[in-house]
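Hi,

Here is the structure I promised to pass on.

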Amino acid sequence: MSVPAAEMLKKSILVVAHPDDEVLWFSSIVEQVDQVLVCFLSSRTHPQWMDGRKKSLAAHPVKGISSLGLEQAGVFDGADWGNPQPCEYGMRMIREGEAQKKYLENHRCLLKQLSTRLQGYQNVITHNPWGEYGHEEHVQIYQTIKSLAASLSFDLWFSNYCSNRSYPLMLNYLRGFNSDYLSLPTNERLGEKAKTVYQENHCWTWYDDYIWFQQECFMKDWDVPEDSTTSPVYGHRFPLNFVRIDIGNEGRKSKKKRRKTSFWRRFLKKWE
Ligand SMILES: [Zn+2]
C-alpha cells in the first residue's frame, strides 16, 4: 500500500530541530515542501555554531529556510535510551539541572511559536517519535507538534531513520505502523551540497563519510489505541533506514559506567 506524494506535500511545512537535519533525514522532500522551518540556531554548549549556522542557512542550496532562532538545551544523552520515557515535552531526563530546565523552557517556547507558525498548513512533516538516531530535541519537536495536530487540524508525518541507540523507543511505536507509507528517492546531490556548506562553516554535526540511503519513507502519524491487546495487529510493516552510530558498544551498560568512558564523551561533544 502506498500514499501519493501529492497528498503529503499539499500545503506542507517541514519542521526540523537543527540546521543540517533538513537534508540528513528529509532530502527527498526538502525542495518540495512549501516551507522549511529550523527551530534551534544557537547552542549553549557550542556557542561557535551560531555564526556558522546563520551563514550556512544564507548559503544553503535550498532557499528561504526560516528559523525560530531558539537555543539548544544541550540535553544530548540526558535521557536513558535503554529505558526511554517519552512525555509531553519530549523525553524525561535522568538528572535535573540547567540543561533540563532549558529543555522545559524550550518546550514552552516551541508550543507558543509553533501554534502560530503551523496555522493554515494541511501537512506538517517532522522528526519521528524516537528522534531518528536518538536525539532528545528531535523527540521534543515531534511531541510538541503532535500536541498541536488536533487543534490546528493538520496531518502529521514522520520519517523512517533509526539507530542502535533509538530502537528501544522505536519499538514502542510498532503498534502504530499501518503499512500505509510513502517511499521516495533521497536527493544525495542536494545533501552533499548542503553538507559542504555546513562543513565550510564548521557546523556539520554528522559523519563526514556518511553514505546516503537511496530511499527514505514517511508515515502519517496516528493515535495508537491505549489498549491494543484486545485487537492486536500483526504483519504491518514500515521500512527503517537503520544507521549504526558509535555508542561505544556500551548501550547496555549502566549510565555510570558509560560516563567514565572518555572516547564516548568525545563523540557526545560532537552531537550535543
Ligand atoms: Zn538534529
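Strands here are DSSP runs of E of at least two residues, helices are runs of H or I of at least four, and both are numbered from the N terminus. Two strands count as paired if DSSP finds at least two bridges between them.

Before I go on, a word on the source: this is a predicted model, where local features need pLDDT of at least 70, side-chain atom pairs count only at pLDDT 80 or more, and totals for chains, interfaces and linings use all residues. Residue numbers run from 1 along each chain as its sequence is written.

Back to β1 (residues 12–16). It pairs with β2 in the parallel sense over 4 bridges, and with β6, also parallel, over 3 bridges. I13 stands opposite V124 of β6 as well. How many of the residues of β1 are buried? The count is 5 of 5, where buried means 20 or more other C-beta atoms within 10 Å of the residue's own, with C-beta atoms placed from the backbone. S12, L14 and V16 point one way, I13 and V15 the other.

On the other side of V124, the opposite residue is L156 in β7. Strands β6 (123–126) and β7 (155–159) run parallel and are joined by 4 bridges.

Zooming out, 7 strands make an open, mixed sheet in the order β3-β2-β1-β6-β7-β10-β9. β3 (66–72) and β9 (181–185) are at the edges with a single partner strand each, so one side of each has no neighbour in the sheet. Neighbouring strands are turned by 25° against each other on average, direction ignored.

Now the helices. The axes of α4 (98–117) and α5 (136–152) come within 10 Å and cross at roughly 40°; axes are lines fitted to C-alpha atoms, for helices over the stretch in contact, and angles run from 0 to 180 degrees between N-to-C directions. The two helices are therefore oblique to each other (under 35 degrees is roughly parallel, over 145 roughly antiparallel, 65 to 115 roughly perpendicular, and the rest oblique).

Which residues make the contact? From α4 they are Y103, N106, H107, L110, L111, L114 and S115, and from α5 Q140, T144, I145 and L148. Contact here means C-beta atoms, placed from the backbone, within 7 Å.

Cheers

Conventions
Two residues are in contact if their C-beta atoms, placed from the backbone, lie within 7 Å. A residue is buried if 20 or more other C-beta atoms lie within 10 Å of its own, exposed if 12 or fewer, and partly exposed in between; C-beta atoms are placed from the backbone.
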